[in-house]
Amino acid sequence: MRRPMVAGNWKMHGSRAVNQGLLEELQSRVSEAWPIDVAVCPPFVYLTEVMRQLEGDLIAVGAQNVSAEAPGAFTGEVAAAMLADIGCTLVIVGHSERRRLYGEDDTLVARKFVAAQTAGLTPILCVGETLEERDAGQTEGVVARQLDAVLRTSGAKALGKAILAYEPVWAIGTGRNATPAQAQAVHQFLRSRISAQDAKIAAQLRILYGGSVKAANAAELFANPDVDGGLIGGASLNADEFQRICAAAAAPAVAGARR
Ligand code: PGA
């Protein structure tokens, strides 16, 4: 049985006042009874303050990015050890905005994955194809290439302490989510690819879907057997939406629909 997870990726949004209000609302709404993990990933500068506000709470805190390097002369970068030092437990690696806008390639993402795990953080590894790649029938080839870079460097066992997120680039921030069938097909493909190397790890691995998840479509996406929750961008900035997405993730788990 995989415990669903809903993680909010705030991207470059927020302010001290806005974060505080959002978290207060979330703290009063996220139910302890839900058999799911909930996390928020604020910008670096707010991590400590967000963690302080969430101290003792069920909501975990993650970063959105991390350096692949050990501490040293890397101006503007943040080392995994520093994130661990402040009590951060999760970190997103390989988000498509990092790949596309900041030139992060598969090799760098694989190194970031290693850096995160070495520091004791749980990486949320993002993979996903662009619209051109999907239209060209390359979806499986692209996500396989992105996944394989990590499998080659870290091995399938390393996914035992990681979370995978399928985020089709064309669905991120566009309001156009993958259909439940499209999401399930890619999630199943990813799981079976890992299963070929380690069936046990593959069966336990949580694969989140990300890309225009909203309260209105969360339930049908999460109802798929290989969709174990979501990585939520825009909708995670609204407490009511985010809470309803969490409730949707909790529902199939409660109903025992998940394996
Ligand atoms: P979105 O973003 O929910 O706003 O589409 C998802 C993500 O980029 O993680």
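Two residues are in contact when heavy atoms of theirs lie within 4.5 Å of each other. With that in hand, meet Ala218: leaving out residues up to four places away in sequence, Ala218 touches Val213, Ile245 and Ala248. The model is a predicted one, where local features need pLDDT of at least 70 and side-chain atom pairs count only at pLDDT 80 or more, while totals for chains, interfaces and linings use all residues. Residues are numbered from 1 along each chain as its sequence is written, and side-chain values use heavy atoms, with hydrogens and water left out.

**The overall fold**

The protein has eleven helices and eight strands; these are DSSP runs numbered from the N terminus, with helices (H or I) of at least four residues and strands (E) of at least two. Its C-alpha trace spans about 50 × 45 × 35 Å along the principal axes. Of the contacts with a separation of 6 or more, 73% are between residues 24 or more positions apart.

**The inside**

Buried residues make up 53% of the 259 residues, where buried means under 20% relative accessible area, exposed over 50%, and partly exposed in between (1.4 Å probe, protein chains only). A nonpolar core is a set of buried Ala, Val, Leu, Ile, Met, Phe, Trp, Tyr and Cys residues joined through side-chain atoms within 4.5 Å. The largest such core has 71 residues, and among those with the most contacts inside it are Val40, Leu159 and Phe222. Helix H11 (residues 239-254) gives the most to this core, with seven residues. A second, separate core has twelve residues, including Ala7 and Cys126.

Back to Ala218, which sits in helix H10 (residues 215-222). Its relative accessibility is 0%, so Ala218 counts as buried.

**Charged pairs**

Side chains of opposite charge can pair when their charged atoms come close. The structure holds 18 salt bridges, each a side-chain nitrogen of Lys or Arg within 4 Å of a carboxyl oxygen of Asp or Glu. Here are some of them.

| Salt bridge | N to O distance |
|---|---|
| Arg29 and Asp240 | 3.2 Å |
| Arg99 and Asp106 | 2.9 Å |
| Glu129 and Arg134 | 2.7 Å |

Arg29 forms its salt bridge with Asp240. Because Arg29 lies in helix H1 (residues 16-29) and Asp240 in helix H11, the pair ties together parts that are 211 residues apart in sequence. Arg29 is partly exposed at 29% relative accessibility, and Asp240 is partly exposed at 32%. Arg99 and Asp106, in turn, are both buried. Glu129 has a relative accessibility of 0%, so Glu129 counts as buried too.

Salt bridges that share partners also join Arg2, Arg191, Asp226 and Asp228 into one network. Within this group, Arg191 has its place in helix H8 (residues 180-195) and counts as buried at 7% relative accessibility. A polar contact of 2.5 Å joins the side chains of Arg191 and Asp226; such a contact is a pair of N or O atoms within 3.5 Å, and within protein one must be able to donate a hydrogen and the other to accept it, while residues adjacent in sequence count only if both atoms are side-chain atoms. Not counting residues up to four places away in sequence, Arg191 touches several residues, including Ala202, Leu205 and Ile207.
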